[in-house]
Amino acid sequence: MLNFNGFCAYAKIDEATLAIPEELRNAQLCYDGAIWAAKGCGIPVDKLDEEGNRLLELYIYALAGHYYDNRNFQSSVQSYTGDQYTQRMMTRMRIALESEGWF
């Protein structure tokens, strides 16, 4: 089931890192941001979370991991390329969820 601890396991964020208040806040921010972004793309996160969809978990965890791993500013070319890649992946996962009849 989709949750913050699942994200931390997926992203390999260990307990020692999470014991640092700033790192815990950063990880939580990235996880919450991924859920917000998914909702912004029309993914019914609340409904899917209740049903325990593994593709949704992967979608959220991968997006949150992307945010967590890329927390710093990048050059505009790198940033644009990364954003385009992320958008393509989000679109693919949304299509896959639609094709499975999740919404």
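Helices (H or I, at least four residues) and strands (E, at least two) are DSSP runs, numbered from the N terminus. The model is predicted, so local features need a pLDDT of at least 70 and side-chain atom pairs count only at pLDDT 80 or more, whereas totals for chains, interfaces and linings use all residues. Residues are numbered from 1 along each chain as its sequence is written, and side-chain values use heavy atoms, with hydrogens and water left out.

Read from the N terminus, the elements follow the order α-α-α-α-α-α. Of the 103 residues in the chain, 32% are buried, where buried means under 20% relative accessible area, exposed means over 50%, and partly exposed lies in between (1.4 Å probe, protein chains only). The chain exposes about 6600 Å², and carbon and sulfur atoms supply 55% of this area; accessible areas come from the Shrake-Rupley method with a 1.4 Å probe, and for residues only the protein chains shown count as cover. Among contacts in the chain with a separation of 6 or more, 72% join residues 24 or more positions apart, a contact being heavy atoms within 4.5 Å. The mean pLDDT (the predictor's confidence in each residue, from 0 to 100) is 82, with 83% of the residues at 70 or more. Confidence is lowest in helix α4 (residues 45-51), at a mean of 70, and highest in α2, at 96. Where pLDDT is low, the predicted coordinates should not be read in detail.

**View B. Helix α1 spans residues 4-11 and has F4, G6, F7 and C8 buried.**
After α1 comes K12, which sits in the loop between α1 and α2. The phi of K12 is near 55 degrees, a positive value in a residue other than glycine. K12 counts as exposed because its relative accessibility is 74%.

**View C. F7 belongs to the residues with the most contacts inside the largest nonpolar core.**
This core has 25 residues, and Y31 and I60 are named with F7 for the most contacts inside it. A nonpolar core is a set of buried Ala, Val, Leu, Ile, Met, Phe, Trp, Tyr and Cys residues joined through side-chain atoms within 4.5 Å. Helices α1, α3, α5 and α6 (76-99) are the elements that give two or more residues to the core. Leaving out residues up to four places away in sequence, F7 touches I13, A27, Y31, Y61, A64, G65 and Y68.

**View D. Five aromatic pairs are present in the structure.**
F4 and F7 make a tilted pair, with 6.3 Å from centre to centre and 50 degrees between the planes; rings of Phe, Tyr and Trp (its six-membered ring) pair if their centres lie within 6.5 Å, with planes under 30 degrees apart counted as stacked, over 60 as edge-to-face and the rest as tilted. F4 and F7 lie three residues apart in helix α1, about one turn of the helix, and both are buried. Y10 and Y61 form another tilted pair, at 5.9 Å centre to centre and 35 degrees between the planes. That pair links distant parts of the chain, since Y10 is in helix α1 and Y61 in helix α5, 51 residues apart. Y10 is partly exposed because its relative accessible area is 41%, whereas Y61 counts as buried because its relative accessibility is 6%. One aromatic cluster is formed by F4, F7, Y31 and Y68.

**View E. E57 is placed in helix α5, and T86 in helix α6.**
E57 counts as buried because its relative accessibility is 9%. Apart from residues up to four places away in sequence, E57 touches M1 and L2. T86 is buried, with a relative accessible area of 9%. With neighbours within four places in sequence left aside, T86 is in contact with L63 and H66. T86 and Y67, 19 residues apart in sequence, are 9.8 Å apart in space, C-alpha to C-alpha.
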